[in-house]
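I opened the model and kept notes as I went. The entries follow in the order I looked things up.

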Amino acid sequence: MDFLNNLLPHLLNGLALGLLFALIALGFTLIVSVMEIINLAHGSLFALGAYVAMVIINPGFTDSGALGSYYMSLPLGLRYVIALVFAPIVIAIVGFGLEIILRRTYGKKKEYGLLLTFGAALVLEEIIRLIWGPAEQFLPTPDAISGAFIAHGMIYSTYRVYAMCFGIFAIIMVWLFLEKTPYGAIIKAGAHDSEMVRALGINLPRLQMLVFGFGAALAGIAGIILTPIWGLRPHVGIDATIPAFLIIVLGGIGSFKGAVTGGILVGLAVGLTGAYASDWSLLSMYLLLIAVLTFRSRGLFGKKTALEA
Amino acid sequence: MLTSPRGAPLVNVQMLIFFAVLLSYPLWASSAGLYQYLGVEIAIFVIYALGFNLLLGYTGLPSFGHGAFLGVGAYAYGLWQSAFPNVFAGLLIAIVCAGLSAGIVALFLSHRRGIYFALMTIAFGQIFWFLSIKLRWITGGEDGLLNILRPEIDFRFTSINLSSNVSLFYLVAILLIAVILILWRVVHSPFGTALQAIRMNETRARFAGHRVWLIKWSVFTLSGAIAGLAGGLLCITQESAYPDVMSLHASGFVVMMTLIGGGFVSFWGPVVGAIVFILARDVIGAWTETWLLWYGLLFMAVMIVEPEGVVGVWRRIEARLKGKTAGVAPVSAAKREAV
């Protein structure tokens, strides 16, 4: 029992991390399955989301007039919520722009789209560095969700509990959106056979743009929630991209269940190895991936897709 | 098509021109505003990109973890050099170690296709990068191996001191020529045509009787071994080996080099691309600190406007000069269909 008690905070950390990884991976897998593009800029959108949220929470005007000073007099909690709503919208708009650029590569080699997003990742990261500088920044969080509390003699970070709850909430919302709304049905149909969706009279370019924006927004949200744990640096995106890839491959490309299961598995692996051998915590996810793929070539829930041809 | 099915001569005119330009570089470099060290760097990256293009351009396998083998080569050379200082033995060890690592990785990759292949290479690349940072007692952690002095090569009758950039350049240039001659043979051999068959349609290649996984395994291993050679040379040049070359970004750069030159359409694509990449770094880097931003934008523009790269543009100009503008389009259309 004592052992379990010691383990519990690490389990919780791992779970919080895993659920947010799953959120990043969900956006990624939506883009991959509808557009057949590996979005290497996903991590940069993740980082950009956090930076935009930081600006919304604390715009830092010096001489701002009545509206600005009114805004700054709002409590931090309210500004945080505003950031949580508007920053993903900004990222979705960036995603729309990226998708419009990407259109030029449709119908050509798949690698071109992939490489275009690699270029976009470089550009976004450099833009972040240009605007906010290379130094580590700080995303403020309201008092209600920071600090720590003690239960059963162990210290828990309040923020991680919040992050876990938020992760669960966001994943359920995405699931409801995909399963219970007509838009979700169209997206799933588009992932299954985009030509057929077009033949049925649905505006495919618009669908692709919206899906890309939606996936980007999910990355942005994950960025806002995760960067207070990780710290906010221009290259933080890469720390998000790699787990997202691994989770997608681990869970199986295009599978919702796979992304969530993979995310939680990777989060737990990182969290638990972090408890005993913190130096090696990141290695555990690569080993997990190789172990799974050696026995199941398309991941846990993967099906054969057009992407392999 | 990259090659004619009827085979190709051992040496052709383009190759001779390139060799002449390469070997005379130390003579005209300073009057062209370049410096000797730059030539060494470009030649090394040309070796790296040429080996990489075997995988990307010829076989159509996008590897995003190729920096790992460059790094393994650099570390292997550095470690060997600190124990037994001998340049050629060190380079051989670099090739063997990188080839071995690539061979092991390729066992996991050779049955994978498309997106799964790309993602697995990322995972393996990250593992190597991670190990290079964490195995401090071997690799020196984040600092890497330092102070690997450029040795003197003793040929009994004469000796060459590699601390001079010019003599180092000639060592690299001769190895580059060897790599070009070997790769030229490889891509025009039946093995090379099989590689292109796999790029065109892997399933058909298998039905045509090729043992696809074995071919993919060997080309990955060969490509990794060449990256190891480049890594060893990089270690000589920079007198150090460090984990940075193994990061995802660095691995992405070789993909950019290969494509911006036109690796998909020509043997010479990666050569052009590596030259453009290094020159762009220096030229844009001298002008602004955020050279990666501009290079990234340039790269995106290339991908949008002319994804066949510099060689693609050149071919288009050539076709227009010959007055048959239509000559280019059907080829790329046919290729698009085949892919």
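**B:V40.** I started at B:V40, which is found in helix 2 (residues 36-58) of chain B. Helices here are DSSP runs of H or I, at least four residues long, numbered from the N terminus. This is a predicted model, in which local features need pLDDT of at least 70 and side-chain atom pairs count only at pLDDT 80 or more, while totals for chains, interfaces and linings use all residues. Residues are numbered from 1 along each chain as its sequence is written, and chains are lettered from A and ligands numbered from 1 in the order in which they are written.

Is B:V40 buried or exposed? I count B:V40 as buried because it has 25 C-beta neighbours inside 10 Å. The cut-offs are 20 or more other C-beta atoms within 10 Å for buried, 12 or fewer for exposed, and partly exposed in between, with C-beta atoms placed from the backbone. I then listed the contacts of B:V40, leaving aside neighbours within four places in sequence: B:N165, B:L168, B:F169, B:V172 and B:T237. A contact needs C-beta atoms, placed from the backbone, within 7 Å. I also checked B:L56, 16 residues from B:V40 along the chain; their C-alpha atoms are separated by 24 Å.

**Helices 7 and 10 of chain B.** Next I took helix 7 (residues 165-187) and helix 10 of chain B. Their axes come within 11 Å and cross at roughly 175 degrees. That makes helix 7 of chain B roughly antiparallel to helix 10 of chain B. Axes are lines fitted to C-alpha atoms, for helices over the stretch in contact, and angles run from 0 to 180 degrees between N-to-C directions. Under 35 degrees counts as roughly parallel, over 145 as roughly antiparallel, 65 to 115 as roughly perpendicular, and the rest as oblique. From helix 7 of chain B I noted B:L168, B:V172, B:L175 and B:V179; from helix 10 of chain B, B:I226, B:L229, B:L233, B:I236 and B:T237. By class, this contact of helix 7 with helix 10 of chain B has eight nonpolar, one polar and no charged residues. Ala, Val, Leu, Ile, Met, Phe, Trp, Tyr, Cys and Pro count as nonpolar, Asp, Glu, Lys and Arg as charged, and the others, Gly among them, as polar.

**B:E239.** I moved on to the loop between helix 10 (212-238) and helix 11 (248-261) of chain B, where B:E239 lies. Phi of B:E239 is near 55 degrees, a positive value in a residue other than glycine. Most residues other than glycine have a negative phi. B:E239 is partly exposed, with 15 other C-beta atoms within 10 Å.

**B:A274.** I found B:A274 in helix 12 (residues 269-287) of chain B. B:A274 counts as buried, with 27 C-beta neighbours inside 10 Å. Sequence neighbours within four places aside, B:A274 is in contact with B:I42, B:F45, B:V46, B:A49 and B:M257. B:A274 and B:I44 are 230 residues apart in sequence, and 9.1 Å apart in space, C-alpha to C-alpha.

**Between the chains.** How many residues does each chain bring to the contact? I get 39 residues from chain A and 32 residues from chain B. Helix 5 of chain A gives the most to the side of chain A that touches chain B, with 14 residues. By class, that side of chain A has 27 nonpolar, four polar and eight charged residues.

I looked at helix 5 of chain A against helix 13 (residues 291-305) of chain B: the angle is about 155 degrees, with axes 8 Å apart. The two are therefore roughly antiparallel to each other. Among the residues that meet are A:L115, A:G119 and A:L122 in helix 5 of chain A and B:L293, B:G296 and B:M300 in helix 13 of chain B.

**Core.** The largest nonpolar core has 212 residues, and those with the most contacts inside it are A:L20, A:A22, A:I24 and A:I91. Such a core is a set of buried Ala, Val, Leu, Ile, Met, Phe, Trp, Tyr and Cys residues joined through C-beta atoms within 7 Å. Helix 1 (residues 2-35) of chain A supplies the largest share of this core, 17 residues.

Key:
Two residues are in contact if their C-beta atoms, placed from the backbone, lie within 7 Å.
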